[in-house]
Every structure is written in structure tokens, then in C-alpha cells.
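Please read these notes with the model open beside them. They go point by point, and each point can be checked on the coordinates.

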Amino acid sequence: MFGDWQEALQAEGLPLNPTSTEQEAAAARVTARHADSKEDLVLLLEAIGLPGDDDTLTALLPLVNSSEGDPDMPEQTPQTSNAFEAMALSMHYADHPMAEITEATGLSEDEINALVNAQERQFDADETTGTPASTEETAADSVEQLLAWAETHPTASIRNKAARVRSDLSELTARRATEDAQREAEERVAKLKAELEKAQEDLRAVKAGTHPTPATATAAPTPIRSGLGSGRTREELARIRAWARENGHPVADAGMIRKSVLEAYDAAHQAPAAKAS
């Protein structure tokens, strides 16, 4: 009650500006963040004169701190409660206009700026302590939070889009795992092929007598050998055939050489070596 009627008349003459829709929406979001349940939110909106229709409640439910005691309200996870903030940060760093961010998330411009400043302070603190946050993990968390928000959205088209995105992500994850396994298998095959080629090269060198082995490096002088050419190289067999023809021993151009010819060759070449020693 005014004691002075002059003051009362002046108060009645003050212009009253109706509350804008944006102001009511901001006030409803702030109220939802302080509500503990759906019933609490309805009572608070009714007490302060804000609209509490079904569409408004559906948009405000993700901001409610808790959903206990309401069987009709889907259970909210910590990721869902922060989905709008994560979406706002993601759109901000993707250079979306501020008006588009506020329309998509329902947050005010001041709230978005506060989120960005808090995020930048967190990045600065991580760099100072030497424990920078992983960019890949941060991006994965943002995507998961955005999907969690979309999967509980009241609009069917947004829920369907979230289901398609999650299906595509699962397909891409499986494709990457398959390609990684294929690449590792190809690397192992290439390594084994290289080892096989090296072993084959060593085998050819051993057969040709050009590969030094510990046994041959410390071996005693070659004794007189007998047999049908076993253990002799092609070059040595060719020299035996040439020597046999020069010394009147009949030999064929190919095939096995008789034991007597081999023994004669070995005896002839062993004698000069014994005389020299």
C-alpha cells in the first residue's frame, strides 16, 4: 500500500512491457535446471507463471537434474543432461552462427559464451599441467553425447537420424578393424616371403658350393671320394669328363660317370697335391 497517492499514480503511469517469448524460454530453462523431477518442474513453472504445456515440458525434460519417481519419463543419463551443452560447443567450434546454435540447443548467447570460456580455461589448465586432453577422446565424447540426446528426442525424424548415424558408425568401426587386420596380415606375409627368399638363396649357394659354412670353413683337405658323382658340382663333373676323354676313359656327355673313372680322376689329382706338400 502506498502512503502517498501521488506515488501510486506515478507507479500506475509506468509503462509495462510484456515478457517476450525468448525471455520466457530462458526463464523456463533456468527453472528446469533447478527442478528435481517432472512434477517439480510443473509446479515451478505454474508458480512463476510460465507455460507448462506438453511441448514445453518435452523440451525441458533433458535439463531436469533427476527423473526419479516418474515412470513415464525416460531415464536420463549424465551424457543426456549435458547433450545441449556438448552440441553447443561442437557447433561453436564448427563455426556455426550464434543464432543457429541458440535455436538448435535452446541455450542463450550468454550461456554459450560461458561454456566456451570454461572449455578454453580447461584447455589452458591441461596445457599448463602437461596433461592435454586427447582430441580423439574429446571428439568421441561429443559425438556420443550428441547421439544420446538425439536418441531421446521427442521428434521421430531426429531419433531415426540418430539410429542411422549410429549404424553407420558401427559399420565404419568394423570396416576399420577389418582393414587393420588385413594390413597386419599382409605385413606378416611380406616378411615371411622375404625370409623364404633369403633361405632359398642360401640353399642355392650351398648347393653350388659358394656358400661358406662353419663346417667347410674349418674342414680338412678333401679326401679321395668315391661313388657315382654324389656330392660333386656340375662344374667338377664337367672337368672329370674332359680329363677322362683326354686320358682315354670313355664317358657319356650326360648321366652318371663310372666309379672307376671317378677313382682314377681323384687319384690323379691327389698325387700332385701330395708331392707339393
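**Notes on the model**

1. The side chains of arginine 232 and glutamate 236 are joined by a polar contact of 3.2 Å. A polar contact here is a pair of N or O atoms within 3.5 Å; within protein, one must be able to donate a hydrogen and the other to accept it, and residues adjacent in sequence count only if both atoms are side-chain atoms. A second polar contact, of 2.8 Å, links the side chain of arginine 232 to that of aspartate 266.

2. A word on the basis. This is a predicted model, in which local features need pLDDT of at least 70 and side-chain atom pairs count only at pLDDT 80 or more, while totals for chains, interfaces and linings use all residues. Residues are numbered from 1 along each chain as its sequence is written, and side-chain values use heavy atoms, with hydrogens and water left out.

3. Arginine 232 sits in the loop between helix H11 (214-217) and helix H12 (234-246); helices are DSSP runs of H or I, at least four residues, numbered from the N terminus. Is arginine 232 buried or exposed? Arginine 232 is buried, because its relative accessible area is 9% and the cut-offs are under 20% for buried, over 50% for exposed and in between for partly exposed (1.4 Å probe, protein chains only).

4. Threonine 233 is in the loop between H11 and H12 as well. With a relative accessibility of 25%, threonine 233 counts as partly exposed. Threonine 233 touches Lys207 and Ala208, leaving aside residues up to four places away in sequence; a contact means heavy atoms within 4.5 Å. Between the C-alpha atoms of threonine 233 and alanine 208 the distance is 6.6 Å, although the two are 25 residues apart in sequence.

5. H12 has 13 residues and spans 19 Å from first to last C-alpha, close to the 18 Å expected at 1.5 Å a residue (the expected span is 1.5 Å times one less than the number of residues). Glu236, Leu237, Ile240, Arg241, Trp243 and Ala244 are buried in H12. Viewed down the axis of H12, the buried residues fall within an arc of 165°, so they line one face of the helix; the arc is that of the directions from the helix axis to the C-beta atoms. Arg234, Glu235 and Glu246 are exposed on the other side of H12.

6. How many aromatic pairs does the count give? The count comes to one aromatic pair, where rings of Phe, Tyr and Trp (its six-membered ring) pair if their centres lie within 6.5 Å, and planes under 30 degrees apart count as stacked, over 60 as edge-to-face and the rest as tilted. The rings of tryptophan 243 and tyrosine 265 have centres 5.6 Å apart and planes at 80°, so this pair is edge-to-face. Tryptophan 243 is in helix H12 and tyrosine 265 in helix H13 (residues 259-276), so the pair ties together parts 22 residues apart in sequence. Tryptophan 243 is buried at 16% relative accessibility, and tyrosine 265 is buried at 8%.

7. On confidence, the mean pLDDT of the protein is 75, and 71% of its residues reach 70 or more; pLDDT is the predictor's confidence in each residue, from 0 to 100. Over residues 215-220 pLDDT stays under 50, and the model has one contact beyond four places in sequence for them. Where pLDDT is low, the predicted coordinates should not be read in detail.

Terms used. Helix = DSSP H or I, 4+ residues; strand = E, 2+ residues; numbered from the N terminus.
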